Amino acid sequence: MSTIATMTADELAHAGLRLSVDGVVATITLDRPAVRNAQVPRLWAGMARILRELGDDVRVVVVRGAGGTFSAGLDLSLLDPAQAEEEGNFIATLASSDQEIIDQIAIYQEPFALLSDPRFITVAVVEGHAIGAGFQLALCCDLRIVADDARFCMKEPALGLVPDLVGTKPLVAAVGYARALEICASARVVSGAEAGEIGLAQVVAPAAELDGALAAMVEALTAHPHGAVSATKALLQDAPARSLDDQRLAERTAQVKRFRALAGR
Ligand code: ACO
């Protein structure tokens, strides 16, 4: 499959996204800076479509925000009863059955889940704010390169909600249950510097140095055979859910595929 996704410039603009593909690196930019890259259903649908349509030769997907901030989370117009006519307005949604709402949220969750596809490694570049859905989007990426003055906040509990965009599992995996609970229940701000200390961020740098840090990361992530890296990502991802014996079996099975790929038979 070609690396170029099929969305037109107009479709990308409508979704509030930019996409660039440079060699094996695709960059998805949330591009609604006037509202601090707040997220709406059409943005999630666009992101899901991009991630599905990226070619098999894409090795790294970078997710970032336009205008110096990552994302202020859910577009608050979606919670506003006065804007019930807006696509995805949650107040209007309440006319549906529980199951219909659950199914709708499953669709919203798709791009967040697709970021864990083993075909590529996903890297969030976070500066400014990563609030609520923005924090979850960063969490759903495999790796995070973070400005030291970035501000993460899992705001949902403060609004009477739960984080439901696939962020809870990677948060627990990154920082452990107790720290994850403390961050979510308090809805406090976690600075970029703290994110590095507690394992949320793999690289912390001054904002002006993020692009350099990203370039170095991309070079390292793409230096070795794609098939081996993808298969290793899949093994590591599934390790926590498997018994030791099942993980050993998965390793052996993956290795046979590598042997055959290397030998060409
Ligand atoms: N939804 C819709 N509009 C937003 C959002 C949002 N989440 N965040 C910011 N905006 C808009 C503001 O209304 C403002 O619009 P205006 O220029 O028409 O007045 C514009 O973006 C700039 O916002 P400011 O607050 O002026 O920008 P500042 O840089 O000072 O602050 C910050 C940024 C901290 C992100 C602040 O805007 C904020 O707290 N936003 C709300 C965050 C939030 O509660 N998100 C929902 C979390 S829950 C979830 O995601 C499920």
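User: Which residues of H10 are buried?
Analyst: The model is predicted, so local features need pLDDT of at least 70 and side-chain atom pairs pLDDT 80 or more, while totals for chains, interfaces and linings use all residues. Residues are numbered from 1 along each chain as its sequence is written, and side-chain values use heavy atoms, without hydrogens and water. Buried means under 20% relative accessible area, exposed over 50% and partly exposed in between (1.4 Å probe, protein chains only). In H10, the buried residues are Ser-230, Lys-233 and Leu-235.

User: What covers the buried residues of H10?
Analyst: Helices (H or I, at least four residues) and strands (E, at least two) are DSSP runs numbered from the N terminus. Contact means heavy atoms within 4.5 Å. Over the buried residues of H10, the cover includes S4 and H11.

User: At what angle do the axes of H10 and H11 cross?
Analyst: Axes are lines fitted to C-alpha atoms, for helices over the stretch in contact, and angles run from 0 to 180 degrees between N-to-C directions. H10 covers residues 226–238 and H11 covers residues 244–263. Their axes come within 11 Å and cross at roughly 170°.

User: What does that angle make H10 relative to H11?
Analyst: Angles under 35 degrees count as roughly parallel, over 145 as roughly antiparallel, 65 to 115 as roughly perpendicular and the rest as oblique. The crossing is at roughly 170°. Therefore H10 is, relative to H11, roughly antiparallel.

User: Which residues of H11 do those of H10 meet?
Analyst: H10 contributes Gly-227, Ala-228, Ala-231, Leu-235 and Asp-238. Leu-235 is also among the buried residues of H10.

User: How many residues of S4 are buried?
Analyst: On one side of S4, Ile-121, Val-123 and Val-125 are buried. On the other, Thr-122, Ala-124 and Val-126 are buried too. S4 is largely enclosed by the rest of the structure because its buried residues number six of the six.

User: What is the bridge partner of Ala-124 in S6?
Analyst: S4 pairs in the parallel sense with S6 (residues 143–147), over four bridges. Val-123 stands opposite Leu-143. For Ala-124, the partner in S6 is Arg-144.

User: What is the bridge partner of Val-60 in S4?
Analyst: S3 spans residues 60–65. S3 and S4 run in the parallel sense, joined over four bridges. Val-60 has as its partner Ile-121.

User: At what angle does H5 run to S5?
Analyst: S5 belongs to an open sheet of three strands in the order S5-S7-S8. Three bridges join S5 to S7 (residues 151–153), and the two run parallel. H5 (residues 133–140) lies across both, and its angle to S5 is about 95°.

User: Where is Ala-187 found?
Analyst: Most residues other than glycine have a negative phi. Phi of Ala-187 is near 50°, a positive value. Ala-187 counts as buried, because its relative accessibility is 15%. Its place is the loop between H7 (177–186) and S8.

User: What is the phi of Arg-36?
Analyst: Arg-36 sits in the loop between S2 and H2 (41–53). Arg-36 is not a glycine, yet its phi is positive, at about 55°.

Notes
Pairing = 2+ DSSP bridges.
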